[in-house]
Amino acid sequence: MKRHEFSFGTEPRMRAVPEGKSAELKFSGTISTKETEWGEKYTFEITLFSHPSYESIPKEGIKTNWESKSQLAEQLYNATSPEAIEKNPKLAKAIKNDMWVLARSEEGTYFIDNKLRG
C-alpha cells in the first residue's frame, strides 16, 4: 500500500519594509504573479539577509517570498520577462548573482538597487 504525505500551511512571505527603512536580499528562484484576496501580486522567491522587522536573521539568510502590488514590483517583473532578459543579459546576471537593497521611502514608495561589490 502506498503512503501519502500531506502538508498544510502557507508559503513564507517577507514582512513589509517599514517606511524610511531598507532590506538586503538576493533573488533565489521563481518570479511570477499570484492571485490573492487583495488581487494580483508579483511574487519573487528571495533569500533575505537583513530586514528591520526581523529580530535576527542567520548568516545564510531566510528563504522567503516577496509579494507586492507596487509599481517597483511590476517594473521588475516586466524587466525580468524572458523577452526583456534576452535583450539585457547584464540584468539577468545581476538578478542571479547580486545582493540587492530594497528601500522604502518615507512616503511608502519602494526602490531597489543592486549592491555593487567594491
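This is a predicted model: local features need pLDDT of at least 70, side-chain atom pairs count only at pLDDT 80 or more; totals for chains, interfaces and linings use all residues.
Residues are numbered from 1 along each chain as its sequence is written, and side-chain values use heavy atoms, with hydrogens and water left out.

**Exercise 1.** Work out how the rings of Y42 and Y77 are arranged, and which parts of the chain they tie together.

*Step 1.* A pair of aromatic rings is described by the distance of the centres and the angle of the planes. Rings of Phe, Tyr and Trp (its six-membered ring) pair if their centres lie within 6.5 Å; planes under 30 degrees apart count as stacked, over 60 as edge-to-face and the rest as tilted.

*Step 2.* For Y42 and Y77, the centres are 5.2 Å apart and the planes make 45 degrees, which makes the pair tilted.

*Step 3.* Now find them in the chain: Y42 sits in strand β2 (residues 39-50) and Y77 in helix α1 (residues 71-79), so the pair ties together parts 35 residues apart in sequence. Helices (H or I, at least four residues) and strands (E, at least two) are DSSP runs, numbered from the N terminus.

**Exercise 2.** Classify the pair F44 and W66, then say whether each residue is buried or exposed.

*Step 1.* The ring centres of F44 and W66 are 4.9 Å apart with planes at 25 degrees, so this pair is stacked. F44 belongs to strand β2 and W66 to strand β3, 22 residues apart.

*Step 2.* Check the burial rule: buried means under 20% relative accessible area, exposed over 50%, partly exposed in between (1.4 Å probe, protein chains only). F44 has 0% relative accessibility, so it's buried. W66, at 2%, counts as buried too.

*Step 3.* Look around the pair: F27, F44, W66, W100 and Y110 form one aromatic cluster.

**Exercise 3.** Find which residues of helix α3 are buried, and which exposed residues lie on the face turned away from them.

*Step 1.* In helix α3 (residues 89-97), pick out the buried ones: L91, A94 and I95.

*Step 2.* These residues cover an arc of only 100 degrees around the axis, which puts them on the same side of α3. The arc is that of the directions from the helix axis to the C-beta atoms.

*Step 3.* Turn to the face away from the buried side: the exposed residues P89, K90, K93 and K96 are there.
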